[in-house]
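This briefing covers a set of residues and the contacts around them. Please have the sequence and the model open while reading.

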Amino acid sequence: MFHRIRSHLLVAAAALITPLAAHAQTAPAAAAQLAPVRSGTVEIAGIAYYYEVRGQGEPLLLLHGGLGSGAMFDPVLPKLGAGRQVILVDLQGHGRTVLGDRPIDLAAMGRDMDVLLGKLGYSQVDVMGYSMGGGVALQLAVQAPARVRRLALLSMTHATSGIQPEMIPMQRQVGAAMAPMMKETPMYKGYMALAPKPEDFPRLLDRMGELMRRDFDWSAQVKALTMPVMLVVGDADMWRPEATVEFFKLLGGGQRDGGWQREHMTRHRLAILPGRTHYDIFLAPELTATVRPFLDGKEGRADWQ
């Protein structure tokens with residue numbers, strides 16, 4: 001029985017993160033290819049956010065998943081960030097950013113990202129967020145639309161109803177009681193290696209559990225988005241596929257045939273990557289080829305001659 005409970009709790013924790021074990025195997029070689037230009041902390045509303053800026057070119061803000069850090073983008077960064085200036089931020093309580101006394105709230109972190117970008121001198125950026133980071137990216141775009149040129153949301157949904165039903169009770173079990181059972185996991189080891197206060201790990205699990213026990217529905221905010229948006233999910237993702245289509249339709253996509261000359265297409269895009277789950281989509285080799293043309297505003301087309 002203990003092993004079954006432990007397994008369920010770890011699955012719930014895994015629903016927060018990228019595949020950090022794969023990151024640990026591939027990060028060192030990849031990280032050497034795109035070195036930081038500058039790094040530091042920015043204090044906002046009592047939270048000292050750690051950031052790194054890497055490379056040169058059009059700015060791209062990358063926001064990581066729960067129980068991860070900005071460093072988890074290292075395996076894909078050489079291709080994803082090629083010719084770009086990439087801004088990596090450790091979100092509240094993650095990586096090198098302190099947990100503080102605030103609840104973990106996506107809307108609050110969205111506001112914080114707007115302030116952080118302003119303090120770093122960026123008037124407008126492209127943004128890609130994964131899982132929890134996708135929620136923060138969406139909230140940034142909702143609250144500060146002028147700050148976001150294009151928005152790519154990777155493996156996230158717009159409402160609690162979009163989550164596969166068996167995952168909801170597991171997510172809501174996340175809390176400090178899981179900490180002893182996670183000591184051999186890459187999530188725990190990664191936190192211990194980077195966190196300014198490693199002893200905060202049980203508190204972080206409590207805060208993340210509180211976040212996942214709050215229902216949400218961002219349908220109205222999605223309808224109000226003004227910038228081009230791309231949704232990217234796996235065909236075996238944690239989100240119900242019909243919910244992803246609903247998300248896309250809220251943006252105005254999928255309403256009619258695109259037209260012979262693409263005259264009825266919206267600015268928004270939907271990509272479903274075959275054979276990908278919530279836990280491996282982030283390291284999919286095809287991810288960069290999927291999102292870069294959108295983020296660069298250089299989507300190609302082929303006409304039937």
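Which residues of helix 11 (residues 286–296) are buried? They are Leu287, Thr288, Thr290, Val291, Arg292, Phe294 and Leu295, where buried means under 20% relative accessible area, exposed over 50% and partly exposed in between (1.4 Å probe, protein chains only). Helices (H or I, at least four residues) and strands (E, at least two) are DSSP runs, numbered from the N terminus.

This is a predicted model, in which local features need pLDDT of at least 70 and side-chain atom pairs count only at pLDDT 80 or more, while totals for chains, interfaces and linings use all residues. Residues are numbered from 1 along each chain as its sequence is written, and side-chain values use heavy atoms, with hydrogens and water left out.

- His94 sits in the loop between strand 4 (84–89) and helix 4 (106–120).
- The relative accessible area of His94 is 1%, so the residue is buried.
- A polar atom of the His94 side chain lies 2.7 Å from the backbone oxygen of Gln92. This is a polar contact, defined as a pair of N or O atoms within 3.5 Å; within protein, one must be able to donate a hydrogen and the other to accept it, and residues adjacent in sequence count only if both atoms are side-chain atoms.
- Apart from neighbours within four places in sequence, His94 is in contact (heavy atoms within 4.5 Å) with His64, Gly65, Gly66, Leu67, Gly68, Ile104, Met132, Leu204 and Met208.

**Helix 5**

- Helix 5 (residues 132–143) has twelve residues. From its first C-alpha to its last it reaches 17 Å, close to the 16 Å expected at 1.5 Å a residue; the expected span is 1.5 Å times one less than the number of residues.
- Ten of the twelve residues of helix 5 are buried, so the helix is mostly covered.
- Met132, one of the contacts of His94, is among the buried residues of helix 5.

**Positive phi values**

- Leu67, also in contact with His94, has a phi near 65°, a positive value in a residue other than glycine. Leu67 is in the loop between strand 3 and helix 3 (77–80) and counts as buried at 7% relative accessibility.
- Arg262 likewise has a positive phi, near 65°, and is a residue other than glycine. Its place is the loop between helix 10 (241–250) and strand 8 (269–277), and at 31% relative accessibility Arg262 counts as partly exposed.

**Salt bridges**

- The whole structure holds 14 salt bridges, each being a side-chain nitrogen of Lys or Arg within 4 Å of a carboxyl oxygen of Asp or Glu.
- One of them joins Asp74 and Arg54, with the closest N and O atoms 2.9 Å apart. The pair links distant parts of the chain, since Asp74 is in the loop between strand 3 and helix 3 and Arg54 is in strand 2 (residues 47–54), 20 residues apart. Both Asp74 and Arg54 are buried.
- Arg149 and Asp126 meet through their side chains in a salt bridge of 2.7 Å, N to O. Arg149 lies in strand 6 and Asp126 in strand 5, so the pair ties together parts that are 23 residues apart in sequence. Arg149 is partly exposed, with a relative accessible area of 27%, whereas Asp126 counts as buried at 1%.
- In the salt bridge between Arg276 and Glu286, the closest N and O atoms are 3.1 Å apart. This pair links Arg276 in strand 8 with Glu286 in helix 11, ten residues apart. Arg276 counts as buried at 19% relative accessibility, and Glu286 is partly exposed at 25%.
- A network of salt bridges links Glu58, Arg84, Asp126, Arg149, Arg292 and Asp296.

**Ala193 and Arg96**

- Ala193 is found in helix 7 (residues 186–194) and counts as exposed at 63% relative accessibility.
- Ala193 and Arg96 are 97 residues apart along the chain, and their C-alpha atoms are separated by 9.2 Å.
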